[in-house]
Amino acid sequence: MSKILFTPGPTNVPEEIRQVLGQDLIHHRMADYHQLLKEINEDLKVVFDTNNDVLILTSSGTGSMESTIVNLFSTNDEVLVINTGWFGERFIEICQVYGLQVHELRYEWGKTYNVVDVQEMLEKHPAIKGIFITYHETATGVVNNLEQLGNLTKNTDRLLIADCISGMIVQQFHLDEWGVDCAVASSQKGFLLPPGLSFVALSNKAKEAVEHSNIPKYYWDYRKYLNYFYNKAEQPFTPAISIVVALKAALRQLLAKGLPQIIEDKQSIRKYAEDKFKELGFTLFIEDESIRGNVLVPVIVPKDIDGSKLTALIDERYDFTVAGGMGIYAGRMLRVGIIGEITEREIDLLIEYIKEVLPECKK
Ligand SMILES: *Cc1c(COP(=O)(O)O)cnc(C)c1O
């Protein structure tokens, strides 16, 4: 059974890449793998737009989020989390597990942060050592401006840590230029791969901070990943080899098309889907177009419609899966993922299917 996934991760994996995933294994301590890892590193440097090497962990995205906290900070450190939704909340939870003192700026779902609030927070709490932010908040579809925060942390000792898990590839990103110190991403979002790998890019300032962290860690210790890569072009532990091999194929495909072209195509499919859903009588969740991302189209279902029933019926009856709302928007929102290779024709079909089941979803 195969399905078109209109979900903001995982996404459908293109046929050419699935064939690579099915190839026989190579060994991760031998020459072919060393060469592969070096090539992938060069491609990932293009994706993150950085001169520094990019680490590859074997984990889902949340593992890489946790890795930023255990490597860059120490117990009792003060940090600021800018919370614009579900995944901002997750940073707070992880920081608290490790005994960090969290200052929170919380914003209503569907809105971005206000930079004046951040400036005031930093003035009031000068001991804040790092700012955590979600680049694209997958619960709401909002893109938060990173460059503006980088301007506050550049030329200071403070670190800027960005969860770019869903935003990478489909939103523009420039680690060095924007002054982001640590950015994480994972394979099952814009990279056209199954879940299993996550990526960590670090600035020189972040690498320096790694030396001062006192939080216990073993599997996540960035020093192991950095040393293994420099000395042997390997990773410290057995990686998800098949996905690493497929990553090379995926990066080749993505970079051949070009990131600017991908972003432009996504923008156009987002606008197409927005228009279709408006015609259908659904409301766009984010009013301010300038903060709408290219990962998913969040729409509020009409008041008399049960959104959970709608997503369940689509999934049961058709070879399509569409995501519903999270948190208080469960049952009230659709999050139509466009991060995979979704076409206008498929959007049209999705709209047809929704029309077909809508009468059964009346409350
Ligand atoms: C998908 C996602 C995550 C991580 O989820 P995992 O299930 O651990 O891969 C984190 N943050 C954002 C913004 C995401 O979209």
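**The ligand and its shell**

Modeller: In the side chain of Lys189, an N or O atom is 2.6 Å from an oxygen atom of the ligand. This is a predicted model, in which local features need pLDDT of at least 70 and side-chain atom pairs count only at pLDDT 80 or more, while totals for chains, interfaces and linings use all residues. Residues are numbered from 1 along each chain as its sequence is written, and side-chain values use heavy atoms, with hydrogens and water left out.

For Thr138, an N or O atom of the side chain is 2.4 Å from a ligand oxygen atom; for Ser60, a polar side-chain atom lies 2.6 Å from an oxygen atom of the ligand. The protein covers 87% of the 380 Å² of accessible area that the ligand has on its own (areas come from the Shrake-Rupley method with a 1.4 Å probe).

The elements that give two or more residues to the shell around the ligand are helix H3 (61-72) and helix H4 (86-97); helices are DSSP runs of H or I with at least four residues, numbered from the N terminus. H3 provides the largest share, 3 residues. Around the ligand there are 14 residues, of which Ser60, Thr62, Thr138, Asp163 and Lys189 come nearest. By class, the shell holds 3 nonpolar, 8 polar and 3 charged residues, where Asp, Glu, Lys and Arg count as charged, Ala, Val, Leu, Ile, Met, Phe, Trp, Tyr, Cys and Pro as nonpolar, and the others, Gly among them, as polar.

Note on methods
Near = heavy atom within 4 Å. Polar contact = N/O pair within 3.5 Å; in protein donor to acceptor, adjacent residues only side chain to side chain.
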